[in-house]
Amino acid sequence: MKEPKKLNLANLPTPTQKLNFNGCSFLIKRDDYTGTELTGNKIRKLEYLMHEAKRLKADYVFTCGGDQSNHCRATAIAAAQLGIKSRLFLWGKEKKLKDGNLFLNKMFGAETEYFNKQEYKNVLQIMADREKQFTKKNKRVYTFPSGGSSALGIWGYINFIPELLNQINKRSINSILSAAGSGGTAAGMLIGSAINNWNLKIFAVDVFNNKAEMEEMIITVAEECLKKYKINKKLNYKNLEVMDGYSTEGYKNIEPKKLKLIKKLAEENGVLLDPAYTGKAFYAFNENFLAGKKNTKTLFLHTGGLFGVFAKRKKYLGI
Ligand SMILES: Cc1ncc(COP(=O)(O)O)c(C=O)c1O
């Protein structure tokens with residue numbers, strides 16, 4: 001196995017805590033504590049991606065995502081910390097008032113380009129074309145995909161598994177539930193559990209694609225990683241369950257019943273969830289693993305996304 005190098009950008013290890021909600025006790029891993037500006041799951045992947053950007057002596061990093069993308073915001077901030085410029089290719093309409101992650105992108109000096117849904121389908125080609133233009137101007141560019149979910153980026157979640165194993169007894173959980181967008185978090189955890197001989201099920205709550213597409217994305221990036229880094233393990237995809245139907249209101253929206261649950265967790269446990277990912281994942285977690293039970297062996301992974309709440313403040317307060 002050829003393990004890639006990384007930078008230390010995240011506050012690791014993140015704590016694993018025991019919570020009680022709806023009469024049921026469960027474990028939560030606080031990847032919202034990976035940093036203040038850098039909160040969330042993306043920085044674990046960026047530790048590897050930004051190491052590569054440094055190694056390549058990049059002047060710029062290019063990446064893409066929805067306008068409130070946590071990955072884009074984390075990229076802009078990590079780049080600023082390392083003296084690299086960032087250019088973000090965003091799906092959405094540019095607004096005068098920059099809120100949530102958009103505010104932070106601006107604050108940390110990211111350059112941005114906006115595309116509508118149709119145009120954004122070609123974002124990889126758009127980034128490749130722009131990279132060529134920048135190269136002609138003698139700017140070195142390192143481009144990585146949305147969510148940082150490349151064979152290299154997912155090492156962040158391969159190494160999440162030994163971190164968790166240092167904190168809990170292997171037998172205290174049998175599964176992890178996480179929100180899934182680009183699929184890299186789930187893919188990394190599948191590989192990490194295989195490497196550590198841990199028969200762990202991963203529940204990936206799909207907030208974006210349909211079930212078949214999400215499964216394909218997770219499996220594709222996982223297999224690429226096994227091949228590229230010569231990881232001699234066969235993955236058991238029965239350990240992957242993509243949970244669909246928890247974002248039928250659309251990636252950029254959130255239903256009132258989910259906001260009610262977010263509010264209840266905030267008031268009763270002092271934990272904040274975001275509208276695009278963790279709020280929807282926790283709704284699925286509550287429905288399938290907490291409601292009506294005293295305890296569960298499924299761990300909830302809090303993947304961050306907290307700045308997204310500000311762009312949805314009216315909805316959060318309107319329920
Ligand atoms: C807060 C948050 N949680 C979960 C995810 C999903 O992670 P992944 O893209 O690795 O599936 C993302 C990004 O997509 C995110 O920003």
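Mentor: Let's start with domains, whose bounds come from an automatic or database domain assignment. Here that assignment gives domain 1 (16-41 + 150-317) and domain 2 (43-148) in the protein chain. Residues are numbered from 1 along each chain as its sequence is written. This is a predicted model, in which local features need pLDDT of at least 70 and side-chain atom pairs count only at pLDDT 80 or more, while totals for chains, interfaces and linings use all residues.

Trainee: How many residues of domain 1 are in contact with domain 2?

Mentor: Two residues are in contact if their C-beta atoms, placed from the backbone, lie within 7 Å. By that rule, 26 residues of domain 1 are in contact with 23 residues of domain 2. The centres of the two domains, taken over C-alpha atoms, are separated by 24 Å.

Trainee: What does the ligand have around it, by class of residue?

Mentor: A residue counts as near a molecule if its C-beta atom, placed from the backbone, lies within 6 Å of it. For classes, Ala, Val, Leu, Ile, Met, Phe, Trp, Tyr, Cys and Pro are nonpolar, Asp, Glu, Lys and Arg are charged, and the others, Gly among them, are polar. The shell around the ligand has three nonpolar, 15 polar and one charged residues. Of the 19 residues there, N70, G147, G181, T303 and G305 come nearest. Domain 1 and domain 2 each give at least three residues to this shell.

Trainee: And how do I read a sheet?

Mentor: Strands of a sheet pair through backbone hydrogen bonds, either parallel or antiparallel. Strands (E, at least two residues) and helices (H or I, at least four) are DSSP runs, numbered from the N terminus. Two strands pair if DSSP finds at least two bridges between them. In this model, four strands form an open sheet with parallel pairing, in the order β5-β4-β3-β6. At its edges are β5 (111-115) and β6 (141-143), each pairing on one side only. Strand β3 (residues 60-66) is joined to β6 by three bridges, and Y60 has V141 as its bridge partner in β6.

Trainee: Why is Y33 called partly exposed?

Mentor: A residue is buried if 20 or more other C-beta atoms, placed from the backbone, lie within 10 Å of its own, exposed if 12 or fewer, and partly exposed in between. Y33 is partly exposed because 18 other C-beta atoms lie within 10 Å. You will find Y33 in the loop between β2 (24-30) and α1 (42-55). Leaving aside neighbours within four places in sequence, Y33 is in contact with N11, T14 and P15.
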